[in-house]
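Me: Hey, can you walk me through this one? I'd like to start with a single residue and zoom out from there.

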Amino acid sequence: MYWLATEQDQPETNWIRRFSPRYWTVNFPRPMVASVVTNGVDALKCDMVFYRREDLCGLIWESEDRHDHPLLRYVTSRDYRHTVLSFRWQSSGVVNLEGLHGPTLTIEGRDQEGSPHVWYVRLANYAEGQAEDALIRLDFDDLAGGFELPQEADPVWPGDIDRLFISLVPPGYDGNATGPLENPVEAEVSISDIRVEGSTSTLEVGDIYVKPHSLRICNGYDDCYHMTPERVIWNMIQLGYRNRINHYVGMSHYFSLGWSADEDRFLVDPEESALNVAATAWLRDFLKQAKCFGYQVILSLSYEILAENIPPDWQQVAHGGSPALTGWEPPSSLVAPTNAVAMDYLSAVFLSLASHAADQGLDIELQIGEPWWWISLGAVRVPYFYDPPTMDMYQAETGQQVPEQHQQITEGISPEQQHYLDWLGDKLGQSTIYLRDQIKASFPAANVGLLFYTPQVLVEEAPMVQSVNFPHVLWQAPAFDFFQIEDYDFIISGQWRKHHSSVDYVTSQLGYGLQDLHYFAGFNLLAETASLWRNIDLAAKDGFGRGFAETFVWAFPQIVRDGFVYNQDQEQDMSGFHEVRFPSEISFGAGGGPVFSTTVSEMASGYEQRNREWADARMTFDIGTGLRSEDDLAALIVFFRARAGRAYGFRFRDWTDYKSCLPSVEVGPTDQVIAVGDGEATDFQLIKIYQSEDYSQLRTISKPAADTVRVAVDGIEQQDGWALDNTSGLISFEVPPAVDSTISAGFEFDVPVRFADDDLSVTLETFRAGQIPAISLVEVRL
């Protein structure tokens, strides 16, 4: 159902102008914020908020495309010779063109001798007009760095450029002064009427179009704030994602800040706008683009705020007074559900999000994202529900002191402690209901949902976590218009038993119908673990199989980074699968084998461009060659009618490749290494590796022959303690294999196939005359 593409796989290309507005990005140091949006095919706008004297925003064009999906990237071209760029410049709130430290085009590359060099091109030297409204023309063959020209000229070598960026700074910036500005400065720069000319002014760009499918996509502002919304939406469209986008507003770039002299840092300011001007400009354009292309957007907000900006009295705190910190870098922290000021602030953000969605003509769909009392990660898991305001509230409401504080979640629980835990759970649930009610009071037609993360809550060895983080009575249907479940820790670690049991538990406890349930199929955090996409694909398949209203994949940045392409070929859909094997006496004489799908484009020069469209081969067979008698033909007709032609799949024994070992060798428990234990995972998929020197291909074995499967751990065959699902090829251990243990297996297996056609065209006369009918089978993806 998926494959991972590279730039070399681009099957089709098109052309864009260099410096096209869609492809500009921004960068800046915290705590300042900025965003860039397109204003048509020849214009862009950058919105900024400066908080410190030393803040500097870069408006960036890169020679190498590092932000699009590999199939949609533009070609890397560092040669800017014979390129002329012109545009209209308009600005407010930044040092203007004439000022010291005014807008400067920094060019990073190499000189004619190949040595690294940086040029600082003062835009005022190439401008005509006013300091805040001018026409600028940049001929890269006649461009020089330096403040005063020609006496300080540093001629640019345009033949080898990596990156260009326009630096934007606030009034009062002098390159040395540090510290907060007296007041935050909101700024805006517009670049319009962009014209690019010359023989190097165009770039080849990938132009893949993936057939629309049913998998939905998630996104987060913190991950793509630097890109234009048009660029983000374009990637989603071209990769086949439709209907719904789940967009997380994030935890670090959306809020307004104020300087706290007491804390000596910038803190979220609930008295200012719920969304800063940069985030507002980006969000409105994102929603506008989404509406234009037929998307509905679920806007998500969590209780998570960047630790360096969260007010100290909002934070969840552990037994020793340490604040809750997540594992991100830099870390975020968590708002206490009992803090009324914090909840009112989150409510204001939700109302702002709803207002922007309504302004763009979208249905209002809002998600309360992963509300919980934080539990630290790692070997010692510490609970964070002992902040002083929360404990004071407990005493005021119950007349009881908070009992002895837990230092880790696996400790025993006294009746007094359980009472406090249950109270905390009620407070969490009440906070989500409060947010729901505040939203619906202003927007009665809004759909409000909740995202629940099972691995952080359903911890078997620590029932206290469920007490505080799963207020199932308050969350039962119809408390929310939709309920979303994610469990990516279980998915990426292959803990399929926990995946199934946790999803079953949550859905049974809350009582939502399938039409109101969404599932998030997980995400691959690191580029070096691209193999995890297989588990994500399997989880998505389970989401579809369960009949959830929507199944999402996390998330846009990882999809783009790893080249994930999702295929949902409707021709492969089946009404069902019959666990029966095609007659062996016929299959033994059949012909066939693996088939790949590769698009080959021949260039005028004679070179080829090849695009591998399938990650794994698909088997095809011609069973007509296996028919030896009229009895065989009769058996085939019976089997064909029982399968209703193409309607039902079945097992087929490929006698050229049906063992985990060589055909002449007996199956053994160490034939194929299928996984390495991590001390937690219990479920492992049977696989077969095809190795040719340094190259290999992994094949999922979904239809093993049950009585042939043998399993070993660290080379020792396991006679019991495991079970096989022979309809999926999943091995489940009763006890998780130890960390770094080698799990291996041996087996015989069948290929899941279906008939390629709904008609069986063969006559007895032609068969008796020796004419072999062509009857094809094709492998089905399960």
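Me: Okay, so what does F385 touch, leaving out residues up to four places away in sequence?
Reply: This is a predicted model, by the way. In it, F385 touches V317, W373, I375, Y420, L421, L424, M464 and V468.

Me: And which residues touch the most other members of the largest nonpolar core?
Reply: F385 is one of them, along with M48, W89, I107, Y254 and F483. That core has 186 residues. Helix α4, residues 340–359, gives it the largest share, with 9 residues.

Me: What lies apart from that core?
Reply: Another core, of 17 residues. Its members include M619, F621, L633 and V753.

Me: Switching topic: how many helices and strands are there?
Reply: The protein has 15 helices and 46 strands.

Me: How much of it is buried?
Reply: Of the 782 residues, 54% count as buried. The protein still exposes about 32,800 Å², and carbon and sulfur atoms supply 48% of that.

Me: What about the overall dimensions?
Reply: The C-alpha trace spans about 95 × 85 × 50 Å along its principal axes.

Me: Got it. What share of the contacts with a separation of 6 or more links residues 24 or more positions apart?
Reply: That's 77%.

Me: Last one: how many positive and negative charges are there?
Reply: There are 54 positive and 112 negative charges, and their mean positions are 7 Å apart.

Technical notes. Residues numbered from 1 in each chain as written. Predicted model: local features only at pLDDT ≥ 70, side-chain atom pairs only at ≥ 80, totals over all residues. Heavy atoms only, no water. Core = buried A, V, L, I, M, F, W, Y, C linked by side-chain atoms within 4.5 Å. Buried < 20%, exposed > 50% of the residue type's maximum accessible area, 1.4 Å probe, protein only. Helix = DSSP H or I, 4+ residues; strand = E, 2+ residues; numbered from the N terminus. Contact = heavy atoms within 4.5 Å. Areas by Shrake-Rupley, 256 points an atom, 1.4 Å probe, with all protein chains shown as cover. Lys, Arg positive; Asp, Glu negative; His and termini not counted. Charge placed at Lys NZ, Arg CZ, Asp CG, Glu CD.
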